[in-house]
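Visitor: Could you walk me through how some helices pack in this model, and what lies on its surface?

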Amino acid sequence: MNNTRETRANDAAQATPAEFADPSGELPDPVLSEVSLALFHLRRIWAKPDLMKRIRAQTSAGPGARPLQWSNLMVVHAVAGLSTAATAAEEGAEVTVGAVAERLEIDPSTASRLVGHAIDAGLVSRRPSPVDARRANLQLTDRGVRVKQVADRFRRAYLDELMSDWTPTERSEFARLLTRFAEAAIRAPMDPDGVDKIFKAAQAD
């Protein structure tokens, strides 16, 4: 375990070249560098071609149908999560394109386009809102529900494989800390001008 941690720390240090070091000249925190490198690798987990290929095989809508895309899964999971929250909220709560945009942290025009693609793929249905005719109430279709179920099953199986040698305590603690980290990231999203500020500070020095 110690050797593995040392290897990761070394990888993290090597992944922070001098030109991207702190302009103050201070060495980067090795723990934060390790976390950053781990998150960089994790971004590719759910977009692996083999995963999408297997999900497509089990959720095919037949000849001529649009092939399932990664963006479709994003919308499906957003609509599913929002639908669950709406059900738990007061009666009349709806799932709108604006809510999908907020959940996916994208601009409304991009969300509208992605929702449109999901509708064309037969994964999401759009009905006029009984509350506001200018809005649409989004729901998963039967195929959308099926796609989510299959995707969730593959994800759980993959995670189970990755953590096969973890103890129940380790799994529980990891889930707790990862959830805490994710919730903190949601509450305080990254400053979109942060990269520009870093380069300006580096140039000033």
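Guide: Axes are lines fitted to C-alpha atoms, for helices over the stretch in contact, and angles run from 0 to 180 degrees between N-to-C directions. Helices are DSSP runs (H or I, at least four residues), numbered from the N terminus. The model is predicted, so local features need pLDDT of at least 70 and side-chain atom pairs pLDDT 80 or more, while totals for chains, interfaces and linings use all residues. Residues are numbered from 1 along each chain as its sequence is written, and side-chain values use heavy atoms, without hydrogens and water.

Visitor: How are α4 and α6 oriented to each other?

Guide: The axes of α4 (residues 70-88) and α6 come within 9 Å and cross at roughly 95 degrees. Angles of 65 to 115 degrees count as roughly perpendicular. The arrangement of α4 to α6 is therefore roughly perpendicular.

Visitor: Which residues of α6 make the contact with α4?

Guide: Contact means heavy atoms within 4.5 Å. From α4 the contact takes S71, N72 and V75, and from α6 it takes L114, V115, H117 and A118.

Visitor: At what angle do α5 and α6 pack?

Guide: Helix α5 covers residues 97-104 and helix α6 residues 108-120. Their axes lie 8 Å apart, and the packing angle is about 110 degrees.

Visitor: Which helix supplies the largest share of the nonpolar patch?

Guide: On the surface, V31, V35, L39, L42, W166, F174, L178 and F181 form a nonpolar patch; such patches join side chains within 5 Å, from residues with over 30% relative accessible area and no salt bridge (a Lys or Arg side-chain nitrogen within 4 Å of an Asp or Glu carboxyl oxygen). At least two residues each come from α2 (30-42) and α8 (168-187). The largest share, four residues, comes from α2.

How values were computed:
Angles under 35 degrees count as roughly parallel, over 145 as roughly antiparallel, 65 to 115 as roughly perpendicular and the rest as oblique. Patches are made of residues with over 30% relative accessible area and no salt bridge: like charges are joined within 9 Å, nonpolar side chains (Val, Leu, Ile, Met, Phe, Trp, Tyr) within 5 Å. Accessible areas come from the Shrake-Rupley method with a 1.4 Å probe; for residues, only the protein chains shown count as cover.
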